[in-house]
Amino acid sequence: MSDRIALRSLTFTGPGKAPASLTFGDKLTLIWGASNTGKSFTLKALDFMFGGSKALPEINERQGYDTAWLALTLPNEGNVTLSRALSGGAFSLHRGHVTASAYGETARTLQPKHDAVSDGNLSALLLTEVGLRGKEIATNLFGQKRPLSFRDLSRICLVDETSIQIERSPIEGGQRDAQTTERSVFRLLLTGWDDSAIVSVENPKTFNAAKQVRLEVIDDMIAGIEAAIQADYPDIDDLEDQFERLGKSIDGVSESFAILQTSIRNLIAEKQALARAIPNVASRLDELNLHIDRFEQLQEVYRSDVARLESLEEAGFLLSLSAERKCPLCGAAPGAQTHAHDLKNIALVRDAALVEISKIRRQSEDLSGTLATLRAEQALLESELPRLTGRLAALEADIARLTPQASQSQSDLRQIVAARDQAQRGLALLAQREDLTRRRDSYEGAKATPKADRPILAVAGSITYEFAQIVSGVLKQWGFPGDHHVSFDDETYDLKIDGKARIDNGKGVRAVTHAAFKVALLLFCRDKGLPHPGFLVLDTPLLTYRDPLKTPKFGELEDDERVLAATALKDRFFDHLASLDIDAQFIILENVDPPAGLETRAHLEFFSGGDGRKGLFPT
């Protein structure tokens, strides 16, 4: 499969408008005819469809058209079509060669701006297709680089009417700050080597400007430090000794303050413990007093019960003694006496009283033991409570005495620390001043990278010589006047032809030689197997053969143009391009008539300006 980009057709569509389509041949295409028929617009449209950001001219003929479609054949993607709104913005990538979106198609969106790390942009796609993705190019003589964009190649592939005749190198666009970049692109095409291995150095102008700024900033900083030292540190020589003395004072005061803090914390902890213990002791003492009072009342009940039972038992005993005697009241004999209870019942009652007395006495004894225990605890707590209360008062007095001392010690510590910090800031200012002074001396003595150490961005002489010989061969094939001695000027990146700088010729000669330069570059790359987009669009390369009456804007022919116009170069130019057996595509936009028979070897599009196809857009 071919490794080039092949242009197949360019079409414009719009609602209710007949498509305006232009087809390109596989090898050579000539679009020729009258002026102001859309030839230059075609080139501008191609540039627009290859990622150009410049808006298309608002010519009357394009009114009503809103989309451009560029059909391509790519090395990897195959047949595709790029579509883009004529108002600009992103591209859509369609499969096949189409002029409308297929039903249900999900076209791939490609952004117009190059992004080296993303696949979603047109530049990355096209660079991948021609084998130049990921290449880097130098942007200045000091080796600073950026990723290659397909827009960098547009000046190589798309040559407009102004560029082809202007007095500058064919690879340069006239922007001085872009010159190194453009030359790097040319070097990449000639050698296949990019600038990724280059190590950049600093621009001397940038270096010196940055150096001056650094020195001014450092001087300002040093002046600020000097002012601060003079204002806050009159005794700057003794600052380090002050710092050491204050550090020792801080150690002593910190130790004293720590001891006071520890003592106060211990006293507070003991006070808190006492504050919890004293209410507990008082509560327990109240509880003991209540229990003792109740137990004493119970003991009194026990004594009363024992006395009552003893009286009952004594009465029963007496009754049992007098049961066999005469009644002391009436003198009745024992046998004649009548009782409600017999002696047996009295004995039972008496025994029961004795048992109850014994039980109550045991309970009384147990109660007495409990009372003794409670009274002992009562006595202990009654003596402990005043002691605890007294200790609490003593603790409060100690805390009240130590707290002012701790506060004073803390205040002293803060003052000493503040003084130490002030001294430390002064020492920091001195260290900063010393560091800035050292850096200033270093910057003052720094030198920019010498020219000899800059990266070499030139193309090897052997390569430019070989390229110049290809140009010479092209000019010879075209029948260009002279001896065809061509050399490459390393200073201007342009050609010298027979000892004369290319740009010193008339505009028509410059146009032809510019075209020879670009054709030779494509031939060189194909011969060496080097990456190249593979197509070349030239607008008015045969300007020499103009009719000054029909194209007055270009003026009368100059002497060297008249010499060239008298040759058969016009015919031989087309014959040569049509005969080239290389994988490349040439699209020529011209006003001149093609040589006879060219239609059999090339694809021709004629913009008549009248009958037939009037121009790019239908009328």
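1. A helix, in this note, is a DSSP run of H or I that is at least four residues long, and helices are numbered from the N terminus. With that in hand, you can find α2 at residues 122-130. Just after α2 comes Gly131, with a positive phi of about 80 degrees. One thing to keep in mind as you read: you're looking at a predicted model.

2. Stay with α2 for a moment. Is this helix enclosed or open? Of its 9 residues, 8 are buried, so α2 is largely enclosed by the rest of the structure. The buried ones are Leu122, Ser123, Ala124, Leu125, Leu126, Leu127, Glu129 and Val130. Notice that Glu129 is on that list too. What does the covering?

3. Next, have a look at α1, which is itself mostly covered, with 8 of its 11 residues buried. Those residues are Lys39, Phe41, Thr42, Leu43, Ala45, Leu46, Phe48 and Met49. After α1 you meet Gly51, and its phi is positive, near 105 degrees.

4. Keep going into the loop between α1 and β4 and you'll reach Asn60. Buried or exposed? Asn60 is exposed, because its relative accessible area is 67% and the cut-off for exposed is over 50%.

5. Now for some helix packing. Two packed helices are described by the angle between their axes and the distance between the axes. Take α8 (residues 461-478) and α9 (residues 507-528): the angle is about 120 degrees and the axes are 8 Å apart. Why call this pair oblique? Angles of 65 to 115 degrees count as roughly perpendicular and those over 145 as roughly antiparallel, and α8 and α9 are therefore oblique to each other. The crossing of α8 past α9 is right-handed. On the α8 side, the contact uses Ile463, Glu466, Phe467, Ile470, Val471, Val474, Leu475 and Trp478. On the α9 side you'll find Val512, Thr513, Ala515, Ala516, Phe517, Val519, Ala520, Leu521, Leu523, Phe524 and Lys528. Sorted by type, the residues where α8 meets α9 are 16 nonpolar, 1 polar and 2 charged.

6. Zoom in on one residue of α8, Phe467. With a relative accessibility of 0%, Phe467 counts as buried. What does Phe467 touch, apart from neighbours within four places in sequence? Its contacts are Phe186, Leu190, Phe488, Leu495, Phe517, Ala520, Leu521 and Phe524. As for Phe488, it is 21 residues from Phe467 in sequence, and the C-alpha atoms of the two are 8.1 Å apart.

7. Helix α8 has another packing partner, α11 (residues 569-579), at an angle of about 120 degrees with the axes 7 Å apart. That angle makes α8 oblique to α11. Here α8 contributes Val474, Lys476, Gln477 and Trp478, while α11 brings Leu569, Arg572, Phe573 and His576. By type, the contact of α8 with α11 has 4 nonpolar, 2 polar and 2 charged residues.

8. How many disulfides turn up in the whole structure? The search finds 0. Cys157 shows why: the closest cysteine sulfur, in Cys525, is 9.8 Å away, which is too far for a bond, given that a disulfide needs the sulfur atoms within 2.5 Å. Looking from the other end, Cys525 is in no disulfide, and the nearest cysteine sulfur is that of Cys157. Both cysteines sit inside: Cys157 is buried at 1% relative accessible area, and Cys525 is buried at 0%.

9. Asp498 isn't a glycine, but its phi is positive, about 55 degrees. You'll find Asp498 in the loop between β12 (494-497) and β13 (500-501), where it is partly exposed, at 34% relative accessible area. Thr540, also not a glycine, has a positive phi near 60 degrees. Thr540 is in the loop between β14 (535-539) and α10 (559-565). Buried or exposed? At 5% relative accessibility, Thr540 counts as buried.

Conventions: Residues are numbered from 1 along each chain as its sequence is written. This is a predicted model: local features need pLDDT of at least 70, side-chain atom pairs count only at pLDDT 80 or more; totals for chains, interfaces and linings use all residues. Side-chain values use heavy atoms; hydrogens and water are left out. Axes are lines fitted to C-alpha atoms, for helices over the stretch in contact, and angles run from 0 to 180 degrees between N-to-C directions. Helices (H or I, at least four residues) and strands (E, at least two) are DSSP runs, numbered from the N terminus. Angles under 35 degrees count as roughly parallel, over 145 as roughly antiparallel, 65 to 115 as roughly perpendicular and the rest as oblique. A crossing is left-handed if the near helix is turned anticlockwise from the far one by less than a right angle, and right-handed if clockwise. Contact means heavy atoms within 4.5 Å. Ala, Val, Leu, Ile, Met, Phe, Trp, Tyr, Cys and Pro count as nonpolar, Asp, Glu, Lys and Arg as charged, and the others, Gly among them, as polar. Buried means under 20% relative accessible area, exposed over 50%, partly exposed in between (1.4 Å probe, protein chains only).
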